[in-house]
Amino acid sequence: MAIGSGLGAQLGIAPEVTYGTYVAPTKFPEFTKHSLVLKKTTAQSAGIAAGRLMALSSRRVVTQREVSGSIDLEVANRGMGLFLQALMGSTVTPVQQGVTAAYLQTHTLADTWGKSLTIQAGIPMTTGTVTDKTFVGCKVISAEFSCEVGGMLTATFEIDGKDCDETKTLAVASYSAAAPFHFGQMGLKYGSFGAETALDGVRKVSVKFERPQAVDRFYANQSALKSQPILNDLTKVTASIEQDYVATTIDDLHTSDAATSLVWEFIGPEIAPTYPEIFRVKLPATKVDDTPPTVDGYSVVRTSYNLTALYDGTNAVAIEYQSADTAL
């Protein structure tokens, strides 16, 4: 029997071959919370019958089923590849670095068609029995990464799914030894692409990827379920930087509206000589939108800059992930 609280919960994921078709979970990410739920749309008959004062239970029908919610977790040095691939859309195979145990994943923006997940949630009852909710056809429609002074690198993945199946067998969770990336490993660089230099005074960074998709593709002959969502707008990537006012660097970029490359990275211990654990976000062209510094009392001047990432015409927005994972 499991512990009859959230301590006994689990998540398992697997990439799907066909959208909405169950694949048994193979990876079990450690998470801090999730809100994945089945959403149903119902319709109630409004037919009049002489003397009837309430609607009939038998004449309520379910017209649509879908899944929504989010998963919050700490970004670890193992096991992030499937989430990153579902977000970014490119098909990624980890590349071995030299003859070492280090493998580099490079996730660039691409069409997310065919990048769906089965996500199985184990939810404990107070009795210690763990109920199974298996969500199929799960697409990542946005993700936000964030880290601040003294904290972990965290991520929130927003999910849209096709359906929930409660008849599957709950997979037995197994976990790889993993450690989270954290503020002590964080660096932020700016400048010309490929020649970025360290930016001082940074206290917090957040980057959000939004992959807008048509999630309302409900058609006849689909048994109240949706067809696979399709990208239906430009990808939006935004960032925010909280910084003490140690230099005019970002303030000047706000004034000029010039583009600059940002590299946000976490460098962990070496997997093998010269090949450390890495989580790195590369934004080749960003522009500062607002929030130049102001003075609010006696404290050190501190501000949060909001930035928009754009395409520079040549270099791809990318997430690089170097770990000991030989496969996603």
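1. Basis of the note. This is a predicted model, in which local features need pLDDT of at least 70 and side-chain atom pairs count only at pLDDT 80 or more, while totals for chains, interfaces and linings use all residues. Residues are numbered from 1 along each chain as its sequence is written, and side-chain values use heavy atoms, with hydrogens and water left out.

2. Overall build. The chain has two helices and 20 strands, taken as DSSP runs (H or I of at least four residues for helices, E of at least two for strands) and numbered from the N terminus. Along the principal axes, the C-alpha atoms fill a box of roughly 75 × 50 × 40 Å. Of the contacts (heavy atoms within 4.5 Å) between residues at least 6 apart in sequence, 70% join residues at least 24 apart.

3. Surface and burial. The accessible surface comes to about 16100 Å², and 53% of it belongs to carbon and sulfur atoms; such areas come from the Shrake-Rupley method with a 1.4 Å probe, and for residues only the protein chains shown count as cover. Buried residues make up 44% of the 328 residues in the chain, where buried means under 20% relative accessible area, exposed means over 50%, and partly exposed lies in between (1.4 Å probe, protein chains only).

4. Helix α1. This helix spans residues 81–88 and is mostly covered, since eight of its eight residues are buried. The residues concerned are G81, L82, F83, L84, Q85, A86, L87 and M88. After α1 comes G89, with a positive phi near 100°.

5. Helix α2. In this helix, which covers residues 249–256, the buried residues are I250, D251 and L253. They lie on the same side of α2, because they cover an arc of only 160° around the axis, the arc being that of the directions from the helix axis to the C-beta atoms. The strands against which the buried residues of α2 pack are β16 (236–244), β17 (260–272), β18 (275–290) and β19 (302–310).

6. D257 follows α2 and is found in the loop between α2 and β17; its phi is near 60°, a positive value in a residue other than glycine, and at a relative accessible area of 39% D257 is partly exposed. N221 is likewise not a glycine, yet has a positive phi of about 70°. The place of N221 is the loop between β14 (213–214) and β15 (230–231), and N221 counts as exposed because its relative accessibility is 81%.

7. Proline in strand β18. P284 is located in strand β18 and is buried, with a relative accessible area of 7%. Although P284 and Y311 are 27 residues apart along the chain, their C-alpha atoms are separated by 7.2 Å. With neighbours within four places in sequence left aside, the contacts of P284 are F193, T260, S261, D312, N315, A316 and V317.

8. Glycine in strand β4. G69 is found in β4, which runs over residues 60–74, and G69 counts as buried because its relative accessible area is 17%. G69 and I159 stand 90 residues apart in sequence, but their C-alpha atoms are 5.4 Å apart in space. When residues up to four places away in sequence are not counted, G69 touches S35, L36, F157, E158 and I159.

9. Serine in strand β8. S142 belongs to β8 (residues 130–148) and is buried at 7% relative accessibility. Beyond its neighbours within four places in sequence, S142 is in contact with L87, T156, F157, E158, K208, F209 and E210.

10. Cysteines. When a disulfide is defined as a pair of cysteine sulfur atoms within 2.5 Å, the count comes to zero disulfides. C138 is in no disulfide, and the nearest cysteine sulfur, belonging to C164, is 9.2 Å away. C138 counts as buried at 1% relative accessibility, and C147 is buried with a relative accessible area of 1%.
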